[in-house]
Amino acid sequence: MAAPVLLSHPSSLRHDTGAHPERGERLVAVEREIEARGGLGWERRESPAATVEQLEGVHTAAHVERIRALCEAGGGAIDADTLVSRDSYEAALHAAGGAIAASELVLSGAAPCAFSAHRPPGHHAEAGRAMGFCLFNNVAVAARHALDALGAGRVLVLDWDVHHGNGTNDIFAATDEVLFVSIHESPLYPGTGSADDLGHGRGEGYTVNLPVPARSGDDVWLALVDRVVAPLIGCYEPGLVLVSAGYDAHAEDPLAGCLVTDAGFAGMAALVRAACEERGIPLAGVLEGGYAGSALARSVAETLAVWGAVPAPAPPPVASDALALRAQERLARGAWPALGHASA
Ligand SMILES: [Zn+2]
C-alpha cells in the first residue's frame, strides 16, 4: 500500500522574516522531530510551485502581482505583522503548491493521506490582501483547485488553528461548495469568526464558526470535533476534507491562551481521520500557525503518526462538554438539523 506523503520545499526557509514568531526555525524543529521519530512512515516529496492561474482561483490578479513585485524589489513590510523578503514569493508559491499537491495525491488515491508543511502560512490571507503572516491562502487555493480541476464536488475545510481563518472564511462565504468550520480562541486576533457569521447568499449555513474562550483545553477542543465537526463531515458528505492545521492552540504557544496538549492534537487528528474513513473521504492537512517550536514539532509529529498509522488508531473517548453541546444545539436549530439534539 502506498505511503502517506509529506510535502515540503527548501524555499520555505528562504522566506526571511527576521526576528519574528513566524520564522524558519519552526520548520527546522518540525523536520528534526520527524527525523527523530524515524520519519513516521511518511514518504517525502518536494512541493511544486502553484501557478499564478491557480492562485487567481481565489486571489485577485492585483494581489498576486503586488506580492511578486514587492519581493522582486527586495521585500518589505505589508503590515505590522506581515513582511516579505526577496525569496518570499517563491516560498509562497510552493506553500500553495504543496497544498494543491496534497489534495491531488489524496483525491487521486495515490496516497492514503498527505500533509503540506510549509511557510508562510495562509489562512488569514484574503482575496486581495496579505495579513497575519499570510501571503496566499494555501488551503483556499487548494480547495478551489480541488473543486475546479479535480472534481471534488464539495470540500470541507476544518481550521483548528487557534486564530480565526478570516481569509478562508471570507473567500468561501458566499458558496455552498465549501463548508468552512473553524475552532478558534475569542477574543483574539484577527477579531472575526463570531458564531453568528454563517456565510451569506448561497453560502448561508456553510460557514460554521466555533469560538472558544482562552484557557480552553483538550476537553473543549475534542468535544467540538466529536460533537460538531465529525457529524458535519457526515452531513455535508464532502469529496475532500482539508485541515488548516495550526498548532498555536497548544498550551506552550506564546501567541494565544488555549491549553491544548500534544495528546489533544493527536485526539483531534484521530477523530477527523475516523470520520473521513467511515465515509471514504480523502483527508489532507495544510500547516498554518504554531509558534512554540518544540510544541509545534511534537504536535505535527503526533498528527502525522495518527494519520499515517495502519491500522488507524482508535479515537480517544471524549467527555461531554457544555460549550460543545450548546454549539451542537445551535447548529441543529439552524442550518444543520441533522446534527440532532444534544444529549449528554
Ligand atoms: Zn494562528
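Is tryptophan 336 buried or exposed, and what is its relative accessible area? Tryptophan 336 is buried, at 8% relative accessible area. Buried here means under 20% relative accessible area, exposed means over 50%, and partly exposed is in between, with a 1.4 Å probe and protein chains only.

Before going on, the ground rules. This is a predicted model, in which local features need pLDDT of at least 70 and side-chain atom pairs count only at pLDDT 80 or more, while totals for chains, interfaces and linings use all residues. Residues are numbered from 1 along each chain as its sequence is written, and side-chain values use heavy atoms, with hydrogens and water left out.

I will start with the aromatic residues. Rings of Phe, Tyr and Trp, the last by its six-membered ring, pair if their centres lie within 6.5 Å; planes under 30 degrees apart count as stacked, over 60 as edge-to-face and the rest as tilted. The structure holds 10 aromatic pairs. One of them is tryptophan 160 with phenylalanine 265, a tilted pair with 6.3 Å between centres and 50 degrees between planes. Tryptophan 160 sits in the loop between strand E6 (155-159) and helix H6 (166-171), and phenylalanine 265 in helix H8 (residues 262-279), 105 residues apart. Helices (H or I, at least four residues) and strands (E, at least two) are DSSP runs, numbered from the N terminus. Tryptophan 160 is buried at 0% relative accessible area, and phenylalanine 265 is buried at 0% too.

Back to tryptophan 336. Its ring centre is 5.6 Å from that of tyrosine 206 and the planes are at 80 degrees, so this pair is edge-to-face. Tyrosine 206 belongs to the loop between strand E7 (178-185) and strand E8 (207-212), and tryptophan 336 to the segment after helix H10 (322-333), so the pair ties together parts 130 residues apart in sequence. Tyrosine 206 is partly exposed, with 23% relative accessibility. There is also one aromatic cluster formed by Phe115, Trp160, Tyr247, Phe265 and Trp307.

Next, the nonpolar cores. A nonpolar core is a set of buried Ala, Val, Leu, Ile, Met, Phe, Trp, Tyr and Cys residues joined through side-chain atoms within 4.5 Å. In soluble globular proteins, nonpolar side chains tend to be buried together. The largest core here has 64 residues, and those with the most contacts inside it are Phe115, Trp160, Leu210, Trp221, Leu224 and Trp307. Helix H7 (residues 218-236) gives the most to this core, with 12 residues. What does tryptophan 221 touch, not counting residues up to four places away in sequence? Its contacts (heavy atoms within 4.5 Å) include Trp160, Ile183, Val212, Ala249, Val260 and Met268, and also Asp161 and His184. A second, separate core has 41 residues, among them Ala50, Tyr89, Phe172 and Val178.

Serine 88 is in helix H4 (residues 88-108). This serine 88 is buried, at 0% relative accessible area. Apart from neighbours within four places in sequence, serine 88 is in contact with His15, Asp16, Cys71 and Leu135.

Now the salt bridges. The rule is a side-chain nitrogen of Lys or Arg within 4 Å of a carboxyl oxygen of Asp or Glu. That gives 18 salt bridges. Glutamate 22 pairs with arginine 119, with the closest N and O atoms 2.6 Å apart. Glutamate 22 is in the loop between strand E1 (5-8) and helix H1 (25-36), arginine 119 in the loop between strand E5 (114-116) and helix H5 (138-148), so the bridge ties together parts 97 residues apart in sequence. Both glutamate 22 and arginine 119 are buried.

Another salt bridge joins glutamate 302 and arginine 37, at 3.1 Å between the closest N and O atoms. Glutamate 302 lies in helix H9 (residues 293-308) and arginine 37 in the loop between H1 and strand E2 (43-46), so this pair ties together parts 265 residues apart in sequence. Glutamate 302 is partly exposed at 21% relative accessible area, and arginine 37 is partly exposed at 31%.

A further bridge links arginine 129 and glutamate 126, N to O 3.3 Å. Arginine 129 is partly exposed at 43%, whereas glutamate 126, at 19%, counts as buried. Salt bridges that share partners join Glu22, Arg26 and Arg119 into one network.

Last, the strands. E1 and E2 run parallel and are joined by 4 bridges; strands pair if DSSP finds at least two bridges between them. Leucine 7 has arginine 45 in E2 as its bridge partner.
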